[in-house]
Amino acid sequence: MRNRTKKEQKVIDEAIGLVILLAGVAGWYGTGNIKGAGIGAGIGFAVVIAITIWRSVRFSKRMKRSGIAEIDQMTGRQFEEYVGILFKNQGYGVTYTPTTGDFGADLILKKGNEVVVVQAKRYKQSVGIKAVQEVIPAIKMYNANAAWVITNSTYTKQVRELAKRNRVRMIDRDELIRMSIELKNSEDVPVKQAAR
């Protein structure tokens, strides 16, 4: 499943413990003995396992629908082109910058008066501060009013802090998956329905 922060994982672990504890207490209350408490805790544990399996299957189906496995195998340039397709689907005009000498932007998005410079990072590990450092100067270079970084991965804590202070939007793996699913769903709409 997706990478979780330590805080998120702690909350999940505490919730699991609470479910098992409550099931054990309910078993004790219902039977009045330790055997009932054990059976209740066992049922609570089974419920937690069932929910975990269900979430895992649901997550796997979502991954398959999003095509994230294929995205993870793309070259950097293929990823940039894919990102362009995602934003065209959202109504943006897309311009690709040269592969070298791009002044920190891989794509330039335009919609109305909005001009956004985008740094696209197809990584296997977490994206660091260099991505934000690269895209910030591109704002002035391309007369943009916003900067975004998009990745198929996650971001380090430091890059999130730098992005927040510089008002750079960070699009991570989870949001990329959501956008990919939206793209696939829009492609699945029959032409007659799409025209409505």
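**Ground rules**

Here, buried means under 20% relative accessible area, exposed means over 50%, and partly exposed is in between, using a 1.4 Å probe and protein chains only. The model is a predicted one: local features need pLDDT of at least 70, side-chain atom pairs count only at pLDDT 80 or more, and totals for chains, interfaces and linings use all residues. Residues are numbered from 1 along each chain as its sequence is written, and side-chain values use heavy atoms, with hydrogens and water left out.

**The sheet**

Let's start with the strands (DSSP runs of E, at least two residues, numbered from the N terminus, while helices are H or I runs of at least four). Five of them make an open, mixed sheet in the order β1-β2-β3-β4-β5; two strands count as paired if DSSP finds at least two bridges between them. β1 (93–96) and β5 (168–171) sit at the edges with a single partner strand each, so one side of each has no neighbour in the sheet.

β4 and β5 run parallel and are joined by 4 bridges. W148 has R169 of β5 as its bridge partner.

**The core**

The largest nonpolar core has 24 residues, and F87, L109, W148, I150 and L176 have the most contacts inside it. Such a core is a set of buried Ala, Val, Leu, Ile, Met, Phe, Trp, Tyr and Cys residues joined through side-chain atoms within 4.5 Å. Among the elements that each supply at least two residues are α4 (76–89), β4 (146–151) and α7 (173–188).

Beyond its neighbours within four places in sequence, W148 is in contact (heavy atoms within 4.5 Å) with residues including F87, L109, V116 and I171.

**T151 in β4**

T151 is found in strand β4 and, at 0% relative accessibility, counts as buried. A polar atom of its side chain lies 3.0 Å from the backbone nitrogen of S153. Leaving out neighbours within four places in sequence, T151 also touches F79, Y123 and L176, among others.

**Salt bridges**

There are 9 salt bridges in the structure, each a side-chain nitrogen of Lys or Arg within 4 Å of a carboxyl oxygen of Asp or Glu. In one of them, E161 meets R165 at 2.7 Å, N to O. These two are 4 residues apart in helix α6 (residues 157–165), so about one helical turn separates them. E161 is partly exposed at 37%, whereas R165 is exposed at 66%.

R169, the partner of W148, also pairs with E175 at 2.3 Å, N to O. R169 and E175 belong to a salt-bridge network with R178 and E182.

Terms used
A polar contact is a pair of N or O atoms within 3.5 Å; within protein, one must be able to donate a hydrogen and the other to accept it, and residues adjacent in sequence count only if both atoms are side-chain atoms.
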